[in-house]
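Please look through the sequence and the model shown below.

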Amino acid sequence: MPSLNPIPTDTKNNTQEIPLSNPRANLYNDPQGLRGTPVQSSVGKQQWESVFYTKKIMADVAKKRKFSKLATDSISMPKNMGMRIKAKIDLPVLDDRNVNDQGIDSRGLQIKNGNFYGSSRDIGRVLGSLPILTEEGGRVNRFGFSRAETEGTFNRYGIFVEYSRDLRDLDSDPNLVTDMHRKVLETAEQIAEDNLQADLLNSAGTVIYAGNAVSEETMNESSMVTFQALEQLSKALRLNRTPRKTKYVYGSTNYDTKTLHTHYVMFVGNEVYEILKVLKDNWGNPAFIPVEKYGASIDKVMEDEVGAISDFRIILTEDMMGWYGAGAEANPEFGLATQDGKYNIYPMLVVGDDAFSAITFNGSNGINNKFEIKHIKPEESHDRHDPYGMIGLISCQWFYGILVKRPERIALIKTVAPM
């Protein structure tokens, strides 16, 4: 007969037994392979060893990730080193941010910022700062370099759910505890995704307000994204030397990582997607190209990729956040989305290559596989708080952290949108 407890546990150390494969997944009316494989009992009759495939559920949950797929590298935090980490970022020599006192020009005079002509594209300044050598050479044309410092932190998170022995044994659903496991993992994954999305939105170093707005408080009915705003964002990313490529994890592990060339990747919610579909370019033609028109000509389409516009490939994100009621006082005649009498503001997020890293702890695999699941059966839980062993629980804990290395490569357009 089927076992009443669907999750076998090593009673000594309370760890789950997770098989690597399930040859019987399609047999016995069990397409998801959650009931496990039949084993032979001591009396020669076949019985079920109910095994819960945590790895399979993790793979299913991983398919729903959006922003975590951009975290293709991680920084491992060693033990006994606290919960904050600092990193040094080398700045290019020819960059306005590379300010130092080491510069000497071709005349032997000190350069103000030590970086020749810095980020300037002015032809006069470039020609006037070239490191020319005379016949005598001499102590000239010295430059210096500097580093920027960035800091990140991580925290431990956790959730749990309880169930009673009677609920498990008497409920009409024999897979009740299995479903609880799935809900715990799905909830943990969604919380981690939302945490990362919020951090990326708040870490953007390149922000463009649609229309004539200069802040969230000044965004009104004229602050709806246009093709010109997209072109402005693309220009800002190029000036920030953001590579027009993005590493993206297609599968549930880093082994299926692809590099997208020629386009930036932009994440938008449903509200913004409706605007993009009808947007016109500078010549009055439809600016949005649906993915079905070019998908066959590229190496691989990203999950939930819906199209391309300007220099961006668009990923539809149903759970995209926004700043609700953060805009100017709303005029209901325009039919725009509002909250508490003020316009809602929606993001169009671009995350450039190597903009951030995940922070992991003690050998864990960070964004891609960080959940620690524990299941205590009712029979194992008896103590002074539960003397009859009637309550079981399933818990999940994980570490999450982000280190923003190049905030200028995290870019936003902020826009209002119709209801």
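**Strand 21 and its surroundings**

Strand 17 (residues 346-351) pairs with strand 21 in the antiparallel sense, over six bridges. Strands here are DSSP runs (E, at least two residues), helices are runs of H or I of at least four residues, and both are numbered from the N terminus; two strands pair if DSSP finds at least two bridges between them. The model is predicted, so local features need pLDDT of at least 70 and side-chain atom pairs count only at pLDDT 80 or more, while totals for chains, interfaces and linings use all residues. Residues are numbered from 1 along each chain as its sequence is written, and side-chain values use heavy atoms, with hydrogens and water left out.

Within this pairing, proline 347 has lysine 414 of strand 21 as its bridge partner.

Buried means under 20% relative accessible area, exposed over 50%, and partly exposed in between (1.4 Å probe, protein chains only).

Threonine 415 counts as buried because its relative accessibility is 0%. Its side chain reaches the backbone nitrogen of valine 225 at 2.9 Å and the backbone oxygen of serine 223 at 3.4 Å. Among the residues that threonine 415 touches are Met219, Val272 and Tyr346 (contact means heavy atoms within 4.5 Å).

The structure holds 15 salt bridges, each a side-chain nitrogen of Lys or Arg within 4 Å of a carboxyl oxygen of Asp or Glu. One of them joins arginine 313 and glutamate 305, with the closest N and O atoms 2.8 Å apart. Arginine 313 is buried, at 9% relative accessible area, and glutamate 305 is buried at 6%. Another joins arginine 107 to aspartate 105 at 3.0 Å; here arginine 107 is exposed, at 65%, whereas aspartate 105 is buried, at 14%. Asp95, Arg97, Arg241 and Glu408 are linked in a network of salt bridges.

Leucine 130 lies in the loop between helix 2 (123-128) and strand 7 (147-164). Leucine 130 counts as partly exposed because its relative accessibility is 32%.

Methods
A polar contact is a pair of N or O atoms within 3.5 Å; within protein, one must be able to donate a hydrogen and the other to accept it, and residues adjacent in sequence count only if both atoms are side-chain atoms. Lists of a residue's contacts leave out its neighbours within four places in sequence.
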